Amino acid sequence: KKVLKLFKLLHRTRQEVFKNDTRALEAARQKINEEFKNNQNETSAEKINELLKIASDVEVILRTSVIQAIHTDSDKILLVPRKDLLQDNTPYFDKPTKKHQS
């Protein structure tokens with residue numbers, strides 16, 4: 001049950017992270033399917049838990065770290081961050097005199 005849930009989550013994350021990028025969508029689909037298929041006959045509970053942890057970590061990295069980039073010119077790239085990646089900047093104080101309350 002956990003394996004199927006994580007498999008579906010990885011595919012949903014892939015579709016969101018690589019939206020509109022058919023090559024990346026297909027490559028990620030193939031890699032996810034290949035990894036799960038290669039380990040489908042695993043019977044060791046310890047090994048299965050280790051593989052689930054790796055898959056979960058991969059999903060978090062994809063969701064929180066991947067930003068799409070589009071070549072707009074021979075020397076220019078447009079970054080397309082998803083809204084859930086954008087965060088408010090924390091003010092920087094060169095020489096703080098007291099603890100800043102935000």
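Helices α1 and α3 cross in a left-handed fashion. Keep in mind as you look around that this is a predicted model. Helix α1 covers residues 2-17 and α3 covers residues 45-65, and the two pack at an angle of about 20° with their axes 10 Å apart. Angles under 35 degrees count as roughly parallel, so α1 is roughly parallel to α3.

Is His11 buried or exposed? Its relative accessible area is 12%, and the cut-off for buried is under 20%, so His11 counts as buried. The side chain of His11 also makes a polar contact with the side chain of Arg14, at 3.1 Å. Leave aside the neighbours within four places in sequence, and His11 turns out to be in contact with Arg29, Ile32 and Asn33.

Now zoom out to the whole chain. Its secondary structure comes to three helices and two strands, and reading along the sequence gives the pattern α-α-α-β-β. The chain has 102 residues, of which 18% count as buried. As for how the chain meets itself, take the contacts with a separation of 6 or more: residues 24 or more positions apart account for 41% of them.

Note on methods. Residues numbered from 1 in each chain as written. Predicted model: local features only at pLDDT ≥ 70, side-chain atom pairs only at ≥ 80, totals over all residues. Heavy atoms only, no water. Axes fitted to C-alpha atoms, helices over the stretch in contact; angles between N-to-C directions. Helix = DSSP H or I, 4+ residues; strand = E, 2+ residues; numbered from the N terminus. Parallel < 35°, antiparallel > 145°, perpendicular 65-115°, else oblique. Left-handed = near helix turned anticlockwise from the far one by under 90°. Buried < 20%, exposed > 50% of the residue type's maximum accessible area, 1.4 Å probe, protein only. Polar contact = N/O pair within 3.5 Å; in protein donor to acceptor, adjacent residues only side chain to side chain. Contact = heavy atoms within 4.5 Å.
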